[in-house]
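These are my notebook entries on what I looked up, written so that each can be followed with the model open alongside.

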Amino acid sequence: MNRTLTQIFRAAAVALALASAPAFADDPVKIGFVVKQPEEPWFRDEWRFAEQAAKEKGFVLVKIGAENGDKVLNAIDNLKVQHAQGFIICAPDVKLGPSIVAKARINRLKLMTVDDRLVDGSGKPIEGVPYTGISAINIGKQVGQALAEQIKARGWNPAEVGALRVSFDQLPTARDRTDGAVEALIAGGLPKANIFNAPQAKSDTENAFNAASIAITQHPQFKHWVAFGMNDEAVLGAVRAAEGRGINAANMVGVGIGGSNSALNEFAKPQPTGFFGSILISPKRHGYDTSLQMYDWIKNGKEPPMITLTDGRLITRDNAGDIRKTMGL
Ligand code: FCA
């Protein structure tokens, strides 16, 4: 390369660096953490670990619960008004993707997503936004394997076992999780015809309870049941629905995903319930790591990895405490 060209490239690089510098260079770093269901223990834990990062690095964390699209768009405007430089979001509806991306861009806010990956108008993941989520299919398979092992360990005849797939298929990570579980259950010997969909209208325990109650009532022929869903709340709904029909721990095995207080409260009950276990995932990696990455991006211009997929481990009432410790929780 000749000298003039080198100089032009250098000048262009400097101009680019200046253009991407924060608009308010003297402002302290302020990061938004927007979640779709602030009452859910998983999101409380995510926030708690984000706070830990804020304390360690000395940035300000703005926690916002946004249960619908309007709240999300207002939240982004508010963050701008407060001179935040970026935010991390688990959106109430992944189809808000294009509006969230546009709003962040107009407000010159850096954007990262957590848990639920934003999609574009045709339902495809938006590639340009850094995302940290669970490795949904694999974790779903772990759920299915744990259920299949319990069916064997209890000596149940697979023909007499019904399986509830508490589903929330409009959310890709939820669909992948439950599809993974189905795959592992079938590989483990459960007849495909014994698996029933129980679609929840919203992803909380109440809606899972309603969906599961209907599915169980429609299939009275089964002696035993197993249940799985996108998270612990979904499986808790199924377990409560089974209890309502007289199906207790002896004939019900539910394995959730999460391992935060929703699961721990269940394990703390004096008698085991049908909620047998959960795949423990890490709110620390989703809350603390993502916040640090955002901080580094704002402060030092270091872009976060485009995709981070986290793993999980089965916990039951016998080992939850120990395994949580090994995961730094
Ligand atoms: C989704 C679910 C949460 C949690 C998280 C990792 O957002 O709604 O319960 O499972 O993914």
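Before sorting any lining by class, I wrote down the rule: Ala, Val, Leu, Ile, Met, Phe, Trp, Tyr, Cys and Pro count as nonpolar, Asp, Glu, Lys and Arg as charged, and the others, Gly among them, as polar. I also noted that this is a predicted model.

**Entry: the second largest pocket**

With that rule I looked up the lining of the second largest pocket, and by class I found six nonpolar, three polar and eight charged residues. I then looked up its volume, and about 320 Å³ of space lies in this second largest pocket. Of the 17 residues that line the pocket, I noted those closest to its centre, which are Lys36, Gln37, Pro92, Phe168 and Ser203.

**Entry: Gly69**

**Entry: helix 3 and helix 4**

Next I looked up how helix 3 (residues 69–81) lies against helix 4 (residues 97–106), and they pack at an angle of about 15°, with their axes 10 Å apart. Since angles under 35 degrees count as roughly parallel, that makes helix 3 roughly parallel to helix 4. Helix 3 passes helix 4 in a right-handed crossing. On the helix 3 side I listed Val72, Leu73, Ile76 and Asp77, which meet Ser99, Ile100, Lys103 and Ala104 in helix 4. By class, this contact of helix 3 with helix 4 has five nonpolar, one polar and two charged residues.

**Entry: helix 2 and helix 10**

At what angle do helix 2 and helix 10 pack? I found about 40° between helix 2 (residues 41–57) and helix 10 (residues 283–300), with their axes 7 Å apart. Helix 2 and helix 10 are therefore oblique to each other, and their crossing is right-handed. Among the residues that make the contact I noted Trp42, Asp45, Phe49 and Ala53 of helix 2, and Pro283, Tyr288, Leu292 and Tyr295 of helix 10. The residues of this contact of helix 2 with helix 10 divide into eight nonpolar, four polar and five charged.

**Entry: the cavity**

How many cavities of 30 Å³ or more are there? The count comes to one, and I found about 190 Å³ of space in the largest cavity. The largest cavity is lined by 20 residues, of which Glu40, Trp42, Arg177, Asn231 and Ile281 lie nearest its centre, and I had already listed Trp42 in the contact of helix 2 with helix 10. Helix 2, helix 8 (232–244) and strand 9 (252–258) each supply at least two residues of the lining. By class, the lining of the largest cavity has six nonpolar, seven polar and seven charged residues.

**Entry: helix 5 and helix 6**

The axes of helix 5 (residues 136–153) and helix 6 (residues 172–187) come within 6 Å and cross at roughly 35°, and helix 5 passes helix 6 in a right-handed crossing. I finished with the classes for helix 5 and helix 6, where the contact residues divide into nine nonpolar, five polar and four charged.

Definitions and conventions:
Residues numbered from 1 in each chain as written. Predicted model: local features only at pLDDT ≥ 70, side-chain atom pairs only at ≥ 80, totals over all residues. Heavy atoms only, no water. Axes fitted to C-alpha atoms, helices over the stretch in contact; angles between N-to-C directions. Helix = DSSP H or I, 4+ residues; strand = E, 2+ residues; numbered from the N terminus. Parallel < 35°, antiparallel > 145°, perpendicular 65-115°, else oblique. Left-handed = near helix turned anticlockwise from the far one by under 90°. Contact = heavy atoms within 4.5 Å. 1 Å grid on protein atoms, 1.4 Å probe; cavity = no way out; pocket = protein on both sides within 12 Å on 5 of 7 lines; lining within 4 Å. Points joined across faces, edges and corners; volume = space filled by probe spheres on them.
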